[in-house]
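My entries follow the structure.

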Amino acid sequence: MTGVRSGLDVLASRLPTLLGGRRVGLLCHQASVTRDLAHAVDTVAGLRGVRLTALFAPEHGIAGAAQDHARVGSTRDPATGLRVWSLYDRRLAPDEAMLADLDTLVVDLQDVGSRYYTFVWTTALCMRACAKAQVPVVVLDRPNPLGGVVMEGNLPDPRFASFVGLYPLPARHAMTIAELAAYLNATHSIGCNLAVVPMDGWRRAMSWEDTGLPWVAPSPNMPTPDTARVYPGGCLLEGTNLSEGRGTTRPFELVGAPFLDGRRLARALARRGLPGVTFRAAAFQPAFHKYRGQLCQGVQLHLTDAARFKPFATYLALIVEARRQSRLFRWRRPPYEFEMKRLPIDLLCGGGGIRRAIERGVPLGRLERSWRRALTRFARARRRYLLYR
C-alpha cells in the first residue's frame with residue numbers, strides 16, 4: 001500500500017514556496033515530523049524565503065515531556081534559540097505581542113481523534129486570536145488514528161464548554177485536525193483567514209498502521225495507536241477516583257484501584273458482551289499519578305476487533321460496574337483543566353446528564369440511543385468540510 005504523506009511532507013515536497021517571504025510562527029510538538037522523522041522546526045525553517053521567528057507549544061510542551069495538567073512555561077528552543085511561547089500556562093492562546101512579528105501562523109499537531117484531547121482546542125484558540133490580529137493560519141493535516149468514519153458519543157451542552165470540549169463535538173468525531181479547523185472556523189464564526197495543506201494518500205477507512213507513518217507519541221501517556229483507540233472512553237476515568245493506568249506502560253488500557261476486585265470486575269464486564277474487546281483481570285502499581293506505589297486491582301482491556309470496538313460505551317460500562325462493586329468509588333472533584341467549579345466527569349461528558357443517568361441506573365443501551373439523533377445532525381453538518389473519501 002502506498003504510504004500517506006502528512007501535510008508537512010506535502011508542504012516540503014510540493015508547496016515549498018507557499019510560505020515564501022513570510023515571517024512564520026509554528027505551533028508544534030514532538031510528533032510534528034515528516035515520514036523520515038525530520039522535525040517541523042527544521043523542515044519549515046529550511047524552506048526557501050521563510051523566516052521562522054517564533055514557536056508555540058501546546059499541552060505537554062514542545063518536547064512532549066510534561067505530564068497531564070502540568071503547566072508549561074515559555075522558554076527558548078535550545079537548537080534554534082527561538083522563543084517558545086507556551087499555550088498551556090497562564091495563557092491558552094497567543095496575545096497580540098506574541099503575534100506582532102508574524103505574517104503567518106503554521107499549525108502542525110498530531111491529534112488523536114477525541115474531543116477531550118486539547119490540541120484541537122489550542123488550535124481553535126489560536127485561530128480566534130489570529131482572526132483578531134489579522135494573522136493568517138495554515139494548518140498542516142495529519143491522520144486521525146481512529147479513522148474518519150465511525151463516530152461515537154453525545155454532543156456536549158455548550159454551557160459546559162471547557163478546555164476538554166470548547167465547542168460541541170462527539171467524543172469520537174472522525175475528523176482530521178484540518179477538517180476540524182475548517183468546520184469550527186465556519187460553524188462557530190471564528191472568522192480566521194484559514195488555509196489547510198491536506199495529506200496525500202489518506203483515506204477515511206484507514207487505520208494508523210495503514211498509513212505507513214511512524215508513530216511518535218503526541219503526549220507522554222499516548223505511547224501507541226492502541227492507546228489512541230481506547231482514549232475516547234479511557235479519558236472518562238479522569239473524572240473518577242479510578243486509576244486510568246498513568247504511571248504504567250499501558251495507560252488507559254489498565255484500569256483499577258486498591259479497592260476493586262479485578263476478577264469480579266472482569267467477569268461483570270464479560271457478561272455485558274461488549275463488542276471488539278476482552279477484559280483480563282490485572283494488578284498494577286503506578287509509578288506516579290493516582291495511587292502511586294500502591295497495588296491496584298482491576299482489568300486490562302485487550303482489543304479484539306478495533307472496527308467493532310466502542311470506546312465511549314465500553315468505558316461507561318466499566319465505570320458502572322466499578323461503581324456497583326465498591327462504595328469507595330467517587331467522582332473526582334474540581335479543579336480540572338482550568339475549571340474550578342464543575343465536576344470533571346461533567347466536563348468530559350459535556351453536561352451532567354450521563355453522570356446522573358449512571359447514578360439512577362439507566363441502562364447504557366438507552367443512553368446510547370439518546371445521542372443518535374445528535375450524531376446524525378453532526379454527521380450532516382460536518383460533510384462539507386471533509387477533505388478525504
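I looked up the pairing of β6 with strand β7 (residues 194-197) and found the two parallel, joined by 4 bridges. Strands here are DSSP runs of E with at least two residues, helices are runs of H or I with at least four, and both are numbered from the N terminus; two strands pair if DSSP finds at least two bridges between them. Leu140 has Val197 as its bridge partner in β7.

The model is predicted: local features need pLDDT of at least 70 and side-chain atom pairs pLDDT 80 or more, while totals for chains, interfaces and linings use all residues. Residues are numbered from 1 along each chain as its sequence is written, and side-chain values use heavy atoms, with hydrogens and water left out.

I then turned to strand β5 (residues 104-108), which pairs with β6 in the parallel sense over 3 bridges. Val107 is bridged to Val139 of β6.

I checked both faces of β6 (residues 137-140): Val137 and Val139 on one side, and Val138 and Leu140 on the other, are all buried (under 20% relative accessible area; exposed is over 50%, partly exposed in between; 1.4 Å probe, protein chains only).

Last, I examined His29, in the loop between β1 (23-28) and α2 (40-45). His29 counts as buried because its relative accessibility is 0%. A polar atom of the His29 side chain lies 2.9 Å from the backbone nitrogen of Gln110. Residues touched by His29 (heavy atoms within 4.5 Å), not counting those up to four places away in sequence, include Asp108, Gln110 and Phe119.

Terms used:
A polar contact is a pair of N or O atoms within 3.5 Å; within protein, one must be able to donate a hydrogen and the other to accept it, and residues adjacent in sequence count only if both atoms are side-chain atoms.
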